Amino acid sequence: AKQKGRNQYQRFSEVFDEKLHRRLTLRNELRIAMDQHDLQLYYQPVINQSGHICGCEALLRWLHADLGWVSPEDFITIAEQTGQIVELGRWVLWRACNDAQCLVQSRLMPGRVAVNLSPLQFYRSDFLADLGSVLEEVGLDAHWLELELTEGTLMRDTRSSIDTLNSLAEMGITTAIDDFGKGCSSLDYLQRLPVTRIKLDKSFVHAIDHGDCNAAVCKSVIVLGRELELEVLAEGVETRAQYECLLGLGCEKFQGYLFARPMPFSALCKLLQDGPGK
Ligand code: C2E
Ligand code: CA
Ligand code: CA
Ligand code: CA
C-alpha cells in the first residue's frame, strides 16, 4: 500500500511538474507570440430569428509551432495571472476594430462586432480613454462595437461596473453578459445593470432534449430577458432541435456550430460576400 501511495504521489508530482512547466513555457511563449504576431482573431457569426447574420464575436486564436492550437481558456488564464492580458486585450480591441472598419468600408458589415473583455481590462482606470483612442485611431464608429463581460467580472465591483457600463452606453457601445446563468448574480442586481444583452450559457443550450422542448433554465432566462428588456442570445447552438426549441421560446439571437464555427477574418469576408453554402 505504501509503495502504491508513493507511486501515486510520484505520478501526481510528475503531472504537477508537467503542468507547471507548461504554464511557465506558455507565459514566455505568449510574450514571443505577441512580439511575433502569432495570435489571430477568429470570428463567429451571430444569427437572428430569420436566419441571417447580424453580427459576430471575435475570438482569440494562437497557433503555436510546437504545441499546436493553444486553447484561449488556457492562455487567457495565464495572461490574467501575469498581467499580460492588458497588452493582449488592447491588441484584441485594436485588431477587432480594424477588421470591423474594413467591413464597414467594403459595405459588408452585418452588425456589431463583439469583443470579450477580461476584468483586468474593464477595471483599469484608463480603460475608457484607451478604448476611445483605439476607436479614434482606427476611425471606427462606436456603434459597431459590443463588449462582452461575464457575471463574475461585473459583480467584482458593482458600483464601478455600473458607471463604466453607463459611459459605454453613452459612447454608443452595447454590452452583453457572457456565460449567463453560470454565475449566481441576484435578480435584483441584474435589474440594476445597464447592459443590452444576455448570452445564455452553452451548457443550458446543450441540456435541451431532442424533440421535447423541456429546457427549464433556457425558458426562464428568455422570460427574464423579456421582463427586463434585455435581448437574449443563445450560444453553443449545435443542433436543429436546440435551435427550434429556442426559437419557439422567443430567443432572439443565436451563435453556434449549427450555423458557423469561428473562422479567420478572410473566411468571414467571403461568407458575407458570397452568402452561405458557397
Ligand atoms: P466565450 O466568450 O464563452 O466564447 C464562446 C466559446 O464557445 C468559444 O470558445 C467558441 O469557439 C465556442 N463555441 C462556439 N459555438 C459553439 C458550439 O456550437 N458548441 C460548442 N461546444 N462551443 C462553441 P473559444 O474560442 O475556445 O474561447 C473560449 C473562451 O476564451 C471564450 O469563451 C472567452 O471566455 C475566452 N476568450 C476568447 N477570446 C478572448 C479574448 O479576445 N479576450 C478575452 N478576455 N477572452 C477571450
Ligand atoms: Ca464571449
Ligand atoms: Ca460565452
Ligand atoms: Ca467562457
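Let's start with a metal: the calcium ion (ligand 2) is held by Glu57 (OE), Asn116 (OD1), Glu148 (OE) and Asp178 (OD), at 2.1 to 2.3 Å. A donor here is an N, O or S atom within 2.8 Å of the metal (3.2 Å for Na, K and Ca), and water is not among the atoms, so sites may look incomplete. Before we go on, note that this is a predicted model, where local features need pLDDT of at least 70, side-chain atom pairs count only at pLDDT 80 or more, and totals for chains, interfaces and linings use all residues. Residues are numbered from 1 along each chain as its sequence is written, chains are lettered from A and ligands numbered from 1 in the order in which they are written, and side-chain values use heavy atoms, leaving out hydrogens and water.

Along the chain, the donors of the calcium ion (ligand 2) have the spacing E-x58-N-x31-E-x29-D. Glu57 sits in strand 2 (residues 53-64) and Asn116 in strand 4 (residues 112-116), so this pair links parts that are 59 residues apart in sequence. Helices (H or I, at least four residues) and strands (E, at least two) are DSSP runs, numbered from the N terminus. Are these two residues buried or exposed? Glu57 is buried, at a relative accessible area of 5%, while Asn116 is partly exposed, at 28%. Buried means under 20% relative accessible area, exposed over 50%, and partly exposed in between, using a 1.4 Å probe and protein chains only.

Now for the other calcium. Which residue coordinates both ions? Asp178 does, and the calcium ion (ligand 3) and the calcium ion (ligand 2) are 4.0 Å apart. The protein donors of the calcium ion (ligand 3) are Asp178 (OD), Asp179 (OD), Glu235 (OE) and Glu235 (OE), at 2.2 to 2.4 Å from it. Their spacing along the chain reads D-D-x55-E. Asp178 belongs to strand 6 and Glu235 to the loop between strand 8 (231-234) and helix 11 (240-248), so that pair ties together parts 57 residues apart in sequence. Asp178 is buried, with 8% relative accessibility, and Glu235 is buried with a relative accessible area of 8%. Asp179, also a strand 6 residue, counts as partly exposed at 23%.

Next, look at ligand 1. Of the 23 residues around it, Gln44, Arg61, Asp178, Glu238 and Tyr257 come nearest; a residue is near if one of its heavy atoms lies within 4 Å. What about polar contacts, meaning pairs of N or O atoms within 3.5 Å? A nitrogen atom of ligand 1 is 2.5 Å from an N or O atom in the side chain of Glu238. One oxygen contact, at 3.1 Å, goes to the side chain of Asn116, and a polar backbone atom of Tyr257 is 2.8 Å from an oxygen atom of the ligand. The elements that give two or more residues to the shell around ligand 1 are strand 2, helix 2 (72-82), strand 6 (174-180) and helix 9 (202-206). Strand 2 gives the largest share, four residues.

Finally, visit a loop. Arg107 lies between helix 3 (85-105) and strand 4, and is exposed at 79% relative accessible area. Although Arg107 is not a glycine, its phi is positive, about 55 degrees.

Terms used:
Polar contact = N/O pair within 3.5 Å; in protein donor to acceptor, adjacent residues only side chain to side chain.
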